[in-house]
Amino acid sequence: MRKSVDKFLNYMTVERGVSANTLAAYRNDLYQLIEFLDGQGPDGNGDDGWDKVDSDDMVSYVLKLHDRGYSDTTRARKVASARSFFSFIVDEGAISKDPTENLSFPRVGRSLPEVLSIEEVDALLSSPAGDTPEATRDRAMLELLYATGMRVSELVSLDVEDIDLEQSFVRCFGKGSKERMIPIHRQAADAVKTYLMAGRPKLMKQRSGKATFLNRRGDRLGRQGFWLVLRRLSIRA
């Protein structure tokens with residue numbers, strides 16, 4: 001069964017160009033489905049078990065997710081992952097009927113996001129204090145996020161060549177590897193320039209490559225690393 005899932009994941013990567021995070025979610029959701037089905041009857045060790053899965057199995061799976069305490073949002077995502085996968089293997093001719101065809105999504109309530117006040121934004125942008133390499137990096141990251149609205153994954157994926165300070169724009173690649181050219185205001189450009197000239201050279205190591213934002217080891221700062229920085233700065237602000 002995993003062979004079909006791996007084939008689907010390869011399709012989503014090569015043909016659909018999904019992000020690494022989306023791919024990881026698909027893998028987690030579908031491997032979890034296989035683990036559930038292993039206890040329901042289909043042969044999880046072979047690759048012909050999918051044709052034995054029926055709508056009752058999938059209803060039981062959704063109920064099991066509910067019993068395990070998953071939120072409505074997470075259950076809806078796992079159902080969506082299963083639907084995408086079964087649609088794929090139907091198109092591939094591996095099975096003749098989609099067992100998720102009549103499966104309803106868990107109802108997900110929509111809530112308004114909480115937003116920062118102008119005063120809170122100003123406090124956060126001012127929180128990286130001093131002229132250390134890390135402080136100049138943190139100011140540059142916050143100013144770029146505020147100026148562009150890009151995702152954190154896009155921010156930490158930036159290479160030095162993606163930033164044009166003369167023209168004041170940033171090139172980033174979003175979901176599906178779609179390229180965007182985003183203008184930035186002078187304050188953000190100045191913060192990035194200060195970091196690139198005074199901060200980044202002190203963080204660089206031989207392995208740093210073209211990565212714009214570096215951690216203390218000289219490696220590209222990751223999403224988790226950024227969230228740790230943001231948490232620290234938020235507490236300070």
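Helix axes here are lines fitted to C-alpha atoms over the stretch in contact, and angles run from 0 to 180 degrees between N-to-C directions. Helices (H or I, at least four residues) and strands (E, at least two) are DSSP runs, numbered from the N terminus. The model is predicted: local features need pLDDT of at least 70, side-chain atom pairs count only at pLDDT 80 or more, and totals for chains, interfaces and linings use all residues. Residues are numbered from 1 along each chain as its sequence is written, and side-chain values use heavy atoms, with hydrogens and water left out.

Start with the helices. Two packed helices are described by the angle between their axes and the distance between the axes. Helix 2 covers residues 20-38 and helix 4 covers residues 72-91. Their axes lie 9 Å apart, at an angle of about 85 degrees. Helix 2 and helix 4 are therefore roughly perpendicular to each other; that class takes in angles of 65 to 115 degrees, while under 35 counts as roughly parallel, over 145 as roughly antiparallel, and the rest as oblique.

Which residues meet? Contact means heavy atoms within 4.5 Å. On the helix 2 side they are Ala-25, Tyr-26, Asn-28, Asp-29, Leu-30, Gln-32 and Leu-33. Helix 4 supplies Arg-77, Lys-78, Ser-81, Ala-82, Ser-84, Phe-85 and Phe-86. By class, the contact of helix 2 with helix 4 holds seven nonpolar, four polar and three charged residues. Ala, Val, Leu, Ile, Met, Phe, Trp, Tyr, Cys and Pro count as nonpolar, Asp, Glu, Lys and Arg as charged, and the others, Gly among them, as polar.

Helix 2 also packs on helix 3 (55-67). Here the angle is about 110 degrees and the axes are 11 Å apart. That makes helix 2 roughly perpendicular to helix 3. Asp-29, Gln-32, Leu-33, Phe-36 and Leu-37 in helix 2 touch Asp-57, Met-58, Ser-60, Tyr-61, Lys-64 and Leu-65 in helix 3. The tally for the contact of helix 2 with helix 3 is six nonpolar, two polar and three charged.

Now take each helix alone. Helix 2 has 19 residues and spans 27 Å from first C-alpha to last, close to the 27 Å expected at 1.5 Å a residue. The expected span is 1.5 Å times one less than the number of residues. Buried means under 20% relative accessible area, exposed over 50%, and partly exposed in between (1.4 Å probe, protein chains only). Buried residues of helix 2 include Leu-23, Tyr-26, Leu-30, Ile-34 and Leu-37. The buried residues of helix 2 pack against helix 1, helix 3 and helix 4.

Helix 4 has 20 residues and reaches 29 Å, close to the 28 Å expected. Among its buried residues are Arg-75, Lys-78, Val-79, Ala-82, Phe-85, Phe-86 and Ile-89. Their cover includes helix 1 (2-14), helix 2 and helix 3. Just after helix 4, Gly-93 takes a positive phi of about 85 degrees.

Val-5 gives a view from helix 1. At 0% relative accessibility, Val-5 counts as buried. What does Val-5 contact, leaving aside its neighbours within four places in sequence? The partners are Leu-30, Tyr-31, Ile-34, Trp-50 and Phe-85. Val-5 and Tyr-26 are 21 residues apart in sequence and 9.1 Å apart in space, C-alpha to C-alpha.

Two strands pair if DSSP finds at least two bridges between them. Strand 1 and strand 2 are joined by two bridges, and Ile-163 has Val-170 as its bridge partner. Strand 2 (residues 169-173) and strand 3 pair over five bridges. Arg-171 stands opposite Met-181, and Cys-172 is bridged to Arg-180.

In a regular strand the side chains alternate between the two faces of the sheet. Strand 2 has Val-170 and Cys-172 on its covered face, and Phe-169, Arg-171 and Phe-173 on its uncovered one. Strand 1 and strand 2 form a hairpin with four residues between them. Ser-168 lies in that loop. Its phi is near 60 degrees, a positive value in a residue other than glycine. At 12% relative accessibility, Ser-168 counts as buried.
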